[in-house]
Amino acid sequence: MSISSPPGNAIGPPKPSPVRPARTLVEAELVSSVAWLIHLRWIAGAGVLLATWLVGTVFNLGIPAGPLFTIGSGILIYNLIFYLAERRLTHASAPAEAYDRLAKWQVSLDWLAMTLLIHFSGGIESPAILFFIFHLIIASIFFPPRTAFAFAILAIGLISGIALMEFFGLLPHVTIVGYLETRLYLNGLYLTAMLIFFASTSLIAAYLASSIHERLRLREEEIVELSKSLQRATTRLQTLNNGARTVGSTLELSKVLNRLVKSTAEAMEVRACSIRLLDKSGQRLEPVAVFGLSQAYLEKGPVVAMSNPLAREVLAGKTINIPDAPNSPLIQYPEEARQEGISSMLSAPLIGKDQPLGILRAYAVEPDRFTPEDEAFLSAIAAQGSIAIENAMTYQTIEQLDEAKSQFIRMVTHELRSPVSVTQSLLRTLAAGYAGSVTEQQQDILNRTTRRVEFLQKLIDDLLDLAAGKTEVKALEAREPVDLAASLERVVKRFELSAQEKSLTLALYKETTGDSLVVMATMEGLDRVFDNLISNAVKYTRPGGLIKVTLRPMDGEANVMVEDTGIGIPEEAMLHLFEEFYRAPNAKAIEHEGTGLGLTIVKDIVTRFSGRIAVQSTPDVGTTFTVSFPLTRPEEI
Amino acid sequence: MDKKQILIVDDDPDQRLTLRLPLESAGYTISEATSSAEGLAKVKEVKPDLIILDVMMDTATAGFQLALDLHSPDPESEYKDFRRTPIIMLTAIHSTTPLRFTPDEDYLPVQTFIEKPVTPEGLLAKVQEILGDK
């Protein structure tokens, strides 16, 4: 088992972006309120102008039209300045403080305009006094409660100032002719009552608006908090999802584990994460994947399941949260944990189908870092990781088995073939008379023995072929573009003599348009396929018969047909034709010897070269084998 | 004229026998070695006209190694006198094993290959062809 070092820092923490950090909700609200207020003020300014005109001309009341028109125009002019300023701030994505300053200017100028408006519309007698209430509400929205109250007191001061100065004759009172006949502004009782009510209304309005707004603000903060925790939950779900995909995407154990620890540590936002798996003895827990821990900490000493109280509990299936690792009696190496700067640990069991596999552990610098939510998360990751680990382990075992099989085949190649082939050579040497002359009967026995040994040799070769095809996945990589016609010519030539001896007509037809038909295969493999098919045709066709081999392109494939006018294949044999060691009864009757492996090998090789094989046969009429391979275009070579 | 000398390097005594009998009856003088090391020593001793070499001996490619040593192009090679001594190589490598050799692989300084099982007629034909005795 290998200890992985933490992966390289290819992906570091996100770099601070040149763009200003996102505004908080409160700031964002201020920014949008500034624009909203400017919007409203257009209406307010126009309203003052319109009201002045209406009251003066339609209702024919004696108001000081000049100053009131000036106030209305003034409002529109300074609003234009605010409008332009706001646009510049937005364009430059100015900080929230700039907007705050702009808001203060707006409120101040509004209050000045408001005070003037009240003075010119009758002072304490003016119905416009009520407008102050919504200005107070606006101030309460913009500013914290303390500032809102200060503005309320300022309003009270301004109104009282105007009323008292007019009362004492320090400021000329504007009388609206035709509106009020009584001179209320000189009535002390009215004045007192009005000011008391105005003051209390202002303060109550400021209080109510502030507290309602404050409550809204708190709720917004809650929402922000909530959306943050939702974000965290999403990240974790993504980690879980990635984990699930890791299970599917790779079967390489170390890759699976390394991805798991890294993404877990990142999703939980903790310092480190590790996986320890039980070794073959089922006793020692070896670190197999680590993220964020020092080599020194990993080499602190052996972790033996039986003598480590924490490991024992976790392997029994519990998720254990240790809020204070350096002082926990469950920890085997508390001092090392302290040196590593680890304060809390969370361990979840990795459990396979039949037995515990190991431990997934998260490490945090902060004490008492892990919440019940974290426990549930790590357990879920561990459950998923267990599947991945078990799959990868199974795959590893299969790969090792596969390698052992290949090894075995190589061994057999030498150990089994070599004595058989030497025996053959010895028999031939003897039969040829190099060791002295042999009698006729001895010769006969030698020939029989030679035939049997030859059969044995063929059987071994066939078995090796079959085993090689089944085990050597890598054989696929050895494929190369091969010309089908060349292979067919070679094999047909090989059988010319034996066909002649049996008075068979063996013919090769190449129905190609000039381009050679190239397929991804190996020369040996193709030769072996055609060798088997044509030798069967020769073997099972009676003298005088015909064997036709045709090569033609068809729908992006290359088709090779081997037709004979032979004994055919009985229907009941068709199903078993490609089974290992199967031989059709009529074939056995004709040829005593045969391994029953030829067609199995053919099918195996054809499949390896991404091809197909089909067979049609009528007993006593003939058999046609059709092999198709996908064509390789020249540009793919 | 002296009989031509053929060195057989093969660790299998039975195989050596099947090679020796037909060659002796064809009039060649045969010497034998049972390993690559012994083969190299015998080459200097008997100065053969032809070497018949088994590929798989102590290792799966021991024969190749011996052939490469003998035919090394290095002018300082201790076997430089035998650089032109022809070699016939015996192979038992089946077509589906990962090692694939064909005689035209030019990095192998070998005249020809004979695939096992060896037939006496095939062997004699190859030997006589190479030694120009046909």
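Biologist: What share of the 134 residues in chain B is made up of buried residues?

Modeller: This is a predicted model, and in it buried residues make up 52% of the 134 residues in chain B. For chain A, 42% of the 637 residues count as buried.

Biologist: Which helices and strands do the chains have?

Modeller: Chain A has 17 helices and twelve strands. Chain B has four helices and five strands, and from the N terminus on its elements run β-α-β-α-β-α-β-β-α. The accessible surface of chain B is about 6400 Å², with 49% belonging to carbon and sulfur atoms. Chain A exposes about 34000 Å², and carbon and sulfur atoms supply 61% of that area.

Biologist: Why are helix 3 of chain A and helix 5 of chain A called roughly parallel?

Modeller: Helix 3 (residues 96–120) and helix 5 (residues 145–167) of chain A pack at an angle of about 25°, with their axes 11 Å apart. Angles under 35 degrees count as roughly parallel, and therefore these two helices of chain A are described as roughly parallel to each other. Their crossing is right-handed.

Biologist: Which residues make the contact of helix 3 of chain A with helix 5 of chain A?

Modeller: Helix 3 of chain A contributes A:V107, A:W111, A:T115, A:I118 and A:H119. Among the residues from helix 5 of chain A are A:F151, A:L158, A:I162 and A:E166. By class, this contact has ten nonpolar, two polar and one charged residues.

Biologist: What is the angle between helix 13 of chain A and helix 14 of chain A, and what term applies to it?

Modeller: Helix 13 (residues 484–501) and helix 14 (residues 523–539) of chain A pack at an angle of about 40°, with their axes 9 Å apart. The crossing of helix 13 and helix 14 of chain A is right-handed. Residues of helix 13 of chain A including A:L488, A:V492 and A:F495 meet residues of helix 14 of chain A including A:L526, A:F530 and A:I534. This contact has ten nonpolar, three polar and four charged residues.

Biologist: How do you know that A:S425 is buried?

Modeller: A:S425, in helix 11 (residues 372–431) of chain A, has a relative accessible area of 0%. Buried means under 20%, so A:S425 is buried. Leaving aside its neighbours within four places in sequence, A:S425 is in contact with B:Q15, B:T18, B:P117 and B:V118.

Biologist: Does A:V420 count as buried or exposed, and why?

Modeller: A:V420 lies in helix 11 of chain A. Its relative accessibility is 9%, which is under the 20% limit, so A:V420 counts as buried. Apart from its neighbours within four places in sequence, A:V420 is in contact with A:V453, A:L456, A:Q457 and A:I460. A:V420 and A:L456 are 36 residues apart along the chain, and their C-alpha atoms are separated by 7.6 Å.

Biologist: Why is A:L180 called partly exposed?

Modeller: The relative accessibility of A:L180 is 24%. Partly exposed covers values between the 20% limit for buried and the 50% limit for exposed, so A:L180 falls into that class. A:L180 has its place in the loop between helix 5 and helix 6 (188–249) of chain A.

Biologist: What is the phi of A:D368, and why is this residue called exposed?

Modeller: A:D368 has a positive phi of about 50° although it is not a glycine. Most residues other than glycine have a negative phi. With a relative accessible area of 54%, which is over 50%, A:D368 is therefore exposed.

Note on methods:
Residues numbered from 1 in each chain as written. Chains lettered and ligands numbered in written order. Predicted model: local features only at pLDDT ≥ 70, side-chain atom pairs only at ≥ 80, totals over all residues. Heavy atoms only, no water. Buried < 20%, exposed > 50% of the residue type's maximum accessible area, 1.4 Å probe, protein only. Areas by Shrake-Rupley, 256 points an atom, 1.4 Å probe, with all protein chains shown as cover. Axes fitted to C-alpha atoms, helices over the stretch in contact; angles between N-to-C directions. Parallel < 35°, antiparallel > 145°, perpendicular 65-115°, else oblique. Left-handed = near helix turned anticlockwise from the far one by under 90°. Contact = heavy atoms within 4.5 Å. Nonpolar A, V, L, I, M, F, W, Y, C, P; charged D, E, K, R; others polar.
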